[in-house]
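User: I'd like a close look at one part of this model. Take your time and walk me through it.

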Amino acid sequence: MKILHAFIFALTIAASVAYAGSAADAPRTISQPASASAEDINRRWMMEGEKRYRTNCGRCHQPPHKFQPRVMATAVRHMRVRGMLTDEDMKYVLYYLTH
Amino acid sequence: MKRALASVCFVIAVCIGLTPLGTSQETADLRAAADEAKPIPILSGGAAFVPTWDSGDPTLVSIVSPVLLVPISRNLIFESRAEFEGDFVRRNGNSGDFTGAIEKSLEYAEFDYIGNKYATFTAGRFLTPFNIFNERLYPNWIRNTQTDPLIYPIGTGSDNGLMVRGGVSLDPNVTLNYAVYFSTLSTINHLESERHAGLRAGLFFPHHRLEIGFSEQHLLQDARINRVGSYLEWQPARVPLDLRAEGAHSREEGDGLWIEGAYRFRNAKASLLRRAQAVARTQVFHTGTVAGINPDLPTIDTKRTEAGLNYYLNDGWKALASYGKTFTAAGNSNIWTVGMTYRFVIPLGPAQ
């Protein structure tokens, strides 16, 4: 039990440091001009999708290559449940993997 | 215990309640764009052939594990995984033919309904969400070290019942994920389940790629024991390193900890080396107050350290080899593994 207590203590410290670091370092969301073109939006969604894909998929396994769009549509729903992706993560990752 | 469980559920509910509501036009556009691809059923899974020499005795571990994913509607999906495992050992210990039965098991068969952005409802047979190894890292093609952690039998397996789970962004820096479940007793062959109530909650810091969490489980039958666990997962953005650790405690069964690091040589100059991954894991287990209550756990205090190499031949094939040493009061022993794993994905319909 002492080992587990020490482990939980270390996790608490890690979480505190991570949160403090995130709050200081996190890039702020850049608001887009109302006139942003479809191409700008597509580029932004693709970048955000790739970022979330690399952040989330590797938590469980080596990030896979892209499969066909309809296969990815199923696989991402599986990841939503198993990997506990947020709704927003799922949409960005699916957009990235199917466009 | 029940009060603690209720408190944590309350905290999760408050956290979810405090997250911003509302859907912007852009979010609706993103959903529409992402929904252009209609999901189809797929047959996925993995196969592994991992001969293992434990204390000099060889076991030919052969596993085929198909996963079926069937989307029923946009928010409802059926998932199932079976496992066929043959652990073939020599008739006379270290000589003679290899022999053994093939064990069949239904690891999960569940309906998942994505109710809203905060909650997914699961009904059926599911993998027990105690820590992360059982749910996320168990398949041979995923795990970095092929042997099971010593504490793996604590609180894991499959359960028949109901579960609510989800991942919620609390703010851009933190994501909360949770699973709350209740399972019922079943003694049906291949569908065995214990009566449990439990939860797992984790915080994921996406900018640091760090996740920490804890698990709690109450056995509502027989010995009525409590189990608690905690875990960590860290993948630094600038270094191709996977660092994972889990701890578990049950007064009656015992407690232990494992920590594993896996470094992928992604930045190596030689392209052949970029597919290689060095792995090391060390772990400790201390027995609990009731000897033999969980027959899958070691019967004496045990330490084990392993190191190995994985080589990703392509997206589906992985070659592996590892060496480890087990330390106990009854003596030390070596454990070797070498083998191959394969992951497949087969669309069961028009994929374009």
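Which backbone oxygen lies 3.1 Å from a polar atom of the side chain of Arg264(B)? And what else surrounds that residue?

Analyst: Keep in mind that this is a predicted model. The backbone oxygen in question belongs to Arg274(B), and it lies 3.1 Å from a polar atom of the Arg264(B) side chain. Arg264(B) itself lies in strand S13 of chain B, which covers residues 254-264. It's a buried arginine without a salt bridge: the nearest side chain of opposite charge is Asp242(B), 8.2 Å away, while a salt bridge needs the nitrogen and the carboxyl oxygen within 4 Å.

As for the surroundings, setting aside neighbours within four places in sequence, Arg264(B) is in contact with Pro240(B), Arg274(B), Arg275(B), Ala276(B), Gln277(B) and Tyr312(B), and also with Gln62(A) from the other chain.

That last contact leads over to the interface. There, 50 residues of chain A are in contact with 82 residues of chain B. The area buried between the two chains is about 5,800 Å², with carbon and sulfur atoms giving 63% of it. Arg70(A), Arg82(A) and Met84(A) supply 15% of what chain A buries against chain B, more than any other three residues.

On the side of chain A that touches chain B, helices H1, H2, H3 and H4 each supply at least two residues, and H1(A) gives the largest share, 12 residues. By type, that side divides into 27 nonpolar, 14 polar and 9 charged residues.

Methods: Residues numbered from 1 in each chain as written. Chains lettered and ligands numbered in written order. Predicted model: local features only at pLDDT ≥ 70, side-chain atom pairs only at ≥ 80, totals over all residues. Heavy atoms only, no water. Helix = DSSP H or I, 4+ residues; strand = E, 2+ residues; numbered from the N terminus. Buried < 20%, exposed > 50% of the residue type's maximum accessible area, 1.4 Å probe, protein only. Lys, Arg positive; Asp, Glu negative; His and termini not counted. Polar contact = N/O pair within 3.5 Å; in protein donor to acceptor, adjacent residues only side chain to side chain. Contact = heavy atoms within 4.5 Å. Buried area = accessible area lost by both parts, 1.4 Å probe. Nonpolar A, V, L, I, M, F, W, Y, C, P; charged D, E, K, R; others polar.
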